[in-house]
Amino acid sequence: TARPVPDDAPSNAVASAASALTTGGKASGEIDERYSDLRLYDRIAERVGEGESYYAVAIEEQRARDFPVRPGITVRLPTLAWVSGHLGSWGMMALAFVLGVAVFIAWWDRLENEPGGRDYRTSILILVAIGALAGFKPHYFALHEAWAGMFVALSLGLYRPGQWGWALVFAGAALAVRELALPYVFLMGTMALVRGRRTEAFAWSALAGVFLIGLVAHVSVVGGLTSAADPVSPGWLALRGLGGLTSNIIVSSPLQVLPAWLAAPLALLPLIGWAGWRSNLGLTGFLLCLGYGLGFMIFGRDDNFYWALVVMPLWFVGLAFVPRALTSLWDSARG
């Protein structure tokens, strides 16, 4: 069911980006440029680090490269550009290292007390690494989705029933980088409300509310600096169906090197494992991955495949529980 990358993309840029993202090598369409979106974000961060205004720089650079600047959401939030511009490449590598170590420590500690977690702890951490390293590498630190995905993974690793303060903080960090982390915040708030934890539910709701106010302000600033003559982005309501889900996961992960007939089922298999992990973390992971998966089926064009990086560090964790889940299903079917 995997959708092929469109052949009419300029220099097959989407296929090039997907190949380089997952293999770490140079792609065919990358001969003279590190695909244009990453070059754009690098340049914006460089100019912001030199003291220029983010919004003026971002709109100017996107116009110069024929990138749409309308609606305002097409201009990324300024957080990553500001941090990257002031820390520089070495500072970002150090930050990435600290964040990666923090994710592993948080998950190691949480799995200690999660039902079934201790038995599968090593394999789960390996799967987290496989998912994270698909996009979280030095050449791709300009990808907002990669950072947001790591912050989401850290937030979920730090979460404990009744101890959600740090999880909230790093969920806020994910939102500050990319608004695509908002479904995670909605899920955590909804689950807290269903479980009767009203204070926690209010905290997640407040975080979402504050962020939405900030997002409206961001869009308003961009709108004040653009005009009707500026290019408008194509719509994101693509309705790609199951192929949209499988293709996003495949081209954003090492599955990209496998033939589509094998990669597509493997992209869906973690959902079975997540569903079979009967624990709070298992349920949260299942609903999170299922929710983003449904989102990829409805929203996003073929060249938005990198949106999957928001959930990629967590997606393949479900594979650790697939054998047990399938065995349980088989036993139940046999009565």
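Predicted model: local features only at pLDDT ≥ 70, side-chain atom pairs only at ≥ 80, totals over all residues.
Tyr-120, Trp-274, Trp-277 and Phe-321 are joined by ring pairs into a cluster. Phe-136 is found in the loop between α5 (121-133) and α6 (144-158), whereas Trp-147 belongs to helix α6, so the pair ties together parts that are 11 residues apart in sequence. The two partners are both well covered. Phe-136 has a relative accessibility of 9% and counts as buried, and Trp-147, at 2%, counts as buried too.

A further edge-to-face pair is formed by Phe-305 and Tyr-306, whose ring centres lie 5.7 Å apart with planes at 80°. Both of these residues are buried. Another kind of ring contact involves a charge: the charged end of Arg-121 sits over the ring of Trp-108, at 3.7 Å from the ring centre.

The protein chain contains 14 helices and 0 strands, so in order from the N terminus every element is an α, as the run α-α-α-α-α-α-α-α-α-α-α-α-α-α shows. Of the 335 residues in the protein chain, 48% are buried. Among contacts with a separation of 6 or more, 73% are between residues 24 or more positions apart.

Leaving aside residues up to four places away in sequence, Ile-124 touches Trp-107, Leu-111, Trp-277, Val-317, Ala-320 and Phe-321. Two of these neighbours, Trp-277 and Phe-321, are named in the contact list of Ile-124 and also belong to the aromatic cluster described above. For Trp-107, the separation from Ile-124 is 17 residues in sequence and 8.8 Å in space, C-alpha to C-alpha.

Two helix pairs illustrate how the helices pack. The axes of α11 (residues 260-276) and α12 (residues 280-298) come within 7 Å and cross at roughly 150°. An angle over 145 degrees counts as roughly antiparallel, and α11 and α12 are therefore roughly antiparallel to each other. Their crossing is left-handed. On the α11 side, the residues in contact are Leu-271, Trp-274 and Ala-275, and these meet Leu-281, Gly-282, Gly-285, Phe-286, Cys-289 and Leu-290 in α12.

Ile-44, Ala-45, Val-48 and Gly-49 are the α2 residues involved, and their partners in α4 are Ala-81, Trp-82, Ser-84, Gly-85 and His-86.

Helix α10 (residues 242-251) stands out for its burial, being mostly covered, with 9 of its 10 residues buried. Gly-243, Gly-244, Leu-245, Thr-246, Ser-247, Asn-248, Ile-249, Ile-250 and Val-251 are the buried residues.

Some backbone details in the loops also deserve a look. Between α3 (54-64) and α4, the loop holds Pro-71, which is joined to Arg-70 by a cis peptide bond with omega at about -5°. The loop between α3 and α4 is also the place of Asp-66. Although Asp-66 is a residue other than glycine, its phi is positive, near 60°. Asp-66 is exposed, with a relative accessible area of 68%. A positive phi, of about 50°, is likewise found at Leu-239, again not a glycine. Leu-239 lies in the loop between α9 (198-225) and α10, and at 60% relative accessibility it counts as exposed.

Terms used. Residues numbered from 1 in each chain as written. Heavy atoms only, no water. Helix = DSSP H or I, 4+ residues; strand = E, 2+ residues; numbered from the N terminus. Buried < 20%, exposed > 50% of the residue type's maximum accessible area, 1.4 Å probe, protein only. Phe/Tyr/Trp six-rings, centres within 6.5 Å; stacked < 30°, edge-to-face > 60°. Lys NZ or Arg CZ within 6 Å of the ring centre and 35° of its normal. Axes fitted to C-alpha atoms, helices over the stretch in contact; angles between N-to-C directions. Parallel < 35°, antiparallel > 145°, perpendicular 65-115°, else oblique. Left-handed = near helix turned anticlockwise from the far one by under 90°. Contact = heavy atoms within 4.5 Å.
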